[in-house]
Amino acid sequence: MNLREGRVGNGECVFTLVISLCMSGLFVFESIDAYTHGNSTYISLPIACILAFSVFAVGIFAMTRSRSSDLCAMCSYALGKTGAAVVCVFIIVIILACISTLLNKFLNVMYSYFFQDASYYSLAAFFLAVLVVFSCMGFETVNRAAKVLGVVFLATHILLLVNSFSSYETYKIYPIAGDGMKSMLRFAFESGILFLPGFVSALITAKGMHGTHNTSRIAVKALIFTVIICTVTQLLLALSYPYDDIAKLYMPLYRMSMVTGEENFLVRLDKISAFIWVAAALLACSYYIYSASLLYCRSFRQVDIRPASCSLSVIVIMLCLLSHSEKRGAFSWLNFVGDYGTLLLAVPIIAVSVIAIIKSCIQRSSLGEVGHANI
Amino acid sequence: MQIFKRIKKPVCFLLILVNTLSLCSCLGAVSLEKYGYVLTIGLDTGKRYKYSISFLMENEVEESEQKTASKINIITAEGDNIYDAIYIAESGLPYRLNFSRTNYIVISYEIAANDEIMELFSTSWAMLKLRTSANMIVANATASEFIEGLNYSSSVNATKLESNLIDFYENEGLSSMMSITSFMSAIESSRYDAVLPLGGTDTSVDSPPEKDSDTTEGSERKGGMISYTLGAALFSDSVLCGVLSGRENQILLLIQGKLKGSVIQFTRADGTKYSVRIGNAELPRIKVDLSGDKIRLHYSLLVSAVLEQDNSSKVVEKMRKEGKLTEDMDMQIREFLHSACKTVFEQCRDVGCDAAGVGKSVCKEFKTVKEWEEFDFRSRLSDVECDFDIRIELADIYVSTYPE
């Protein structure tokens, strides 16, 4: 068996989850969708994160009850091997769509702001190499790299937010309620797909995280950190740009260091931050590809993860290239996942979890009857 | 041996780190001489093409026994957009234009008044690698005349020029200051309007003035640069709609809460004179009343006053003992400021410029975006009424007293 699982400590896992969740939560959504009718993302995104965590909580509870080591084992327990394979493929497809959306964002930034003379395809090729190497090297490598990168990521992020201090003005956050409670909750629900891949990946790699109990502890810590980082960042963004201004920016965080208009030695922090974000995004995508590959290997009893990792990495890059060339099919499918992804990913997991819980309850009660009969 | 085993990993790690330093080189190295650094960009209406764009360059260095001087030259090219002008300019130059050191963008009055700024600014400034902290100036003539007037004696230190503008704005408040970032933000946000420094040319610095405009805001001046910045250009959205003098700009900064110091001289009833340096002691407190047909604002300004000059030593002694201004001085300064604030506010409002940033306060009264957008603040700007409540506190006394 060469599934490259390994075991890592809690710190590494927390860093991996936090980086993955923050990269999705801060960068994936389109500004025009999030901000056109007011800016209340500092309320919607934490709600979305908690919503995604609640799906995770149902899954981890079901895994504990059914004594399954990971998501694939739980699906097999609930639906049998064939049913599990179908559900797992469906989950993999949705995760791949989420990965390509995240990767596409950074490919566009690299292409538009940094390497205007390079072609989109060459940039994608560089990304492909990184994804293949990291996802093939496995769980331990990704997590240990995340621990090293996580410190740099947090430090740069804090520096960026502090450096833009002079641009924060309270009038920019008004009207405070954005477009009203209904719109806020709808966006929160739709944004659940930003955080679901991270929590689902934690369910898939629960074995490497030392079991379900430890995985839930790691996820809680990651949730707290992610909620704090996303809320503070979105709040400070709202204090930097009025809603009609920020709706027109492709990646507002990237422009944040220049919004001050005052020159200091950190004025080009945008470029440094962007490279750290790219590294973090690649790490997050590698983790998602690894977990999707692991789910595939477990479902179809593959003994080596590397062919699956390579194939899924190529598929992700192809999706990015197709959406860049605005091929109608790929584009609309990715948009569909963006709009309804929360339902598409949450419903199968909740359904399988409920079936597993019911089955385990039935089994326990029948074992209990047998025990009484024996007495 | 055990020591070597222990330090092996850290040493290897250090070696890898040090060796990676050699990988940190430019992929496309370009010699400095291949670039010509543009210090200032000037935007005018062209004769053959839509725009005439001037580039103030600083790229040649002459060395002599006594001094090292930088030569400047001005290159002008026409085009329908800035890229066309750059290509035409570069076709006759031995280097490429580089905008990473550009400090100013000077816009001619005609372009600013004809709403052509946004068409020019719709270019991708990121492609030019222009610093977003570059300041903008509206020239009360053509931009090329203003740029030519920056040529002062035998050397131009453009960095000092920029710091002078900043000092002038911060210490005296006679000129405004706004970067590209702030200008674009003002247009996009619709909660306040841009106020840019107003530049002018005084051709009489070396010869007697032939007409009124050959002065520095009505005052004769000899020596120094032909070009100067004094006062402000008011914008309504992206269109130039009015101007303020230097003194009026100081009052506008006071209303905005940004005035650090401005010296005003007063004469008492008994004929003695005194000068105070006034500035904002804190940000203005603004109350908004939307209950009627009009938007009513109540400004509370706390102004700090530093007594800089007073001909009456008795009054100075009294103020030193009591730690506050005398009643008549307090009333005189308050009345002056009240009248000046109201005049400047209404002047800006009447030309359609929200220079005071009224929109920033009004938008806080709305809970949802729908309510704010339905209110349509911009169309109601002319209905804004404002009153000022000014309090003066004596901050310090720096006087040389004269015997009465």
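Tutor: Let's begin with a term: a nonpolar core is a set of buried residues such as Val, Leu, Ile and Phe, joined through C-beta atoms within 7 Å. Keep in mind that this is a predicted model.

Student: Thanks! How many residues does the largest nonpolar core have here, and which have the most contacts inside it?

Tutor: The largest core has 221 residues, and A:Phe199 and B:Ile107 are those with the most contacts inside it. Helix H4 of chain A, residues 71-114, supplies the largest share of this core, with 23 residues. From chain B, domain 1 (33-244) and domain 2 (251-404) each give the core at least three residues.

Student: What does A:Phe199 touch?

Tutor: Leaving aside residues up to four places away in sequence, A:Phe199 touches A:Ala52, A:Phe53, A:Val55, A:Phe56 and A:Ala219.

Student: Now the two chains. How many residues of each are in contact with the other chain?

Tutor: On chain A there are 22, in contact with 21 residues of chain B. Helix H10 of chain A (residues 243-246) gives the most to chain A's side, with three residues. That side of chain A has 11 nonpolar, five polar and six charged residues. For the complex, the predictor gives an ipTM of 0.76 and a pTM of 0.83.

Student: And how should I read the confidence in chain B?

Tutor: As a general idea, where pLDDT is low, the predicted coordinates should not be read in detail. Chain B averages a pLDDT of 82, and 85% of its residues score at least 70. Over residues 62-69 of chain B, though, the pLDDT is below 50. Beyond near neighbours in sequence, that stretch has six contacts in the model.

How values were computed:
Residues numbered from 1 in each chain as written. Chains lettered and ligands numbered in written order. Predicted model: local features only at pLDDT ≥ 70, side-chain atom pairs only at ≥ 80, totals over all residues. Buried ≥ 20, exposed ≤ 12 C-beta atoms within 10 Å, placed from the backbone. Helix = DSSP H or I, 4+ residues; strand = E, 2+ residues; numbered from the N terminus. Domains from an automatic or database assignment. Contact = placed C-beta atoms within 7 Å. pLDDT = per-residue confidence, 0-100. Nonpolar A, V, L, I, M, F, W, Y, C, P; charged D, E, K, R; others polar.
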